[in-house]
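Visitor: I'd like to learn how to read a model like this one. Could you walk me through it?

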Amino acid sequence: MVHFAAAYKQADGRKIDGRRVLVDVERGRTVPNWRPRRLGGGLGTTRVGGEEVNQRHSGRLISLSSVLLIIAIHFITCFFK
């Protein structure tokens with residue numbers, strides 16, 4: 001196994017000082033013929049077909065605290081008009 005692949009497997013997800021480590025791989029210089037997402041490459045599955053198939057949003061859910069903040073701001077702006 002290549003050294004960086006072994007280091008990746010050993011370090012990814014490991015906890016240091018109670019925090020989980022996330023290891024990323026720089027594919028631009030390590031993987032032959034790699035193209036970033038902005039140039040049509042990448043590993044993501046959100047751009048697999050044409051315009052009608054591709055996702056237009058990240059798919060992340062909005063957090064409850066963000067929803068409560070939006071509601072509070074809306075209430076304050078309506079109340080003080």
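Guide: Let's go from the overall layout to one helix and then to its surface. Keep in mind that this is a predicted model.

Visitor: Which elements make up the protein chain, and in what order do they run?

Guide: Start by listing helices and strands. The protein chain has three helices and two strands, and from the N terminus on they run α-β-β-α-α.

Visitor: How much of the protein chain is buried?

Guide: Buried here means under 20% relative accessible area. By that cut-off, buried residues make up 0% of the 81 residues. The protein chain exposes about 7900 Å², with carbon and sulfur atoms supplying 58% of that area. Contacts tell you about the fold as well: among those with a separation of 6 or more, residues 24 or more positions apart account for 0%.

Visitor: What span should helix 3 have, and what does the model show?

Guide: Helix 3 covers residues 64-79. At 1.5 Å a residue, its 16 residues should span 22 Å, and the end C-alpha atoms are 22 Å apart, so the two agree.

Visitor: Does helix 3 lie largely in the open or under cover, and why?

Guide: Helix 3 lies largely in the open, because the number of buried residues among its 16 is zero. Take Phe-79, which belongs to this helix: Phe-79 is exposed, because its relative accessible area is 56% and the cut-off for exposed is over 50%.

Key: Residues numbered from 1 in each chain as written. Predicted model: local features only at pLDDT ≥ 70, side-chain atom pairs only at ≥ 80, totals over all residues. Heavy atoms only, no water. Helix = DSSP H or I, 4+ residues; strand = E, 2+ residues; numbered from the N terminus. Buried < 20%, exposed > 50% of the residue type's maximum accessible area, 1.4 Å probe, protein only. Contact = heavy atoms within 4.5 Å. Areas by Shrake-Rupley, 256 points an atom, 1.4 Å probe, with all protein chains shown as cover. Expected span 1.5 Å × (residues − 1).
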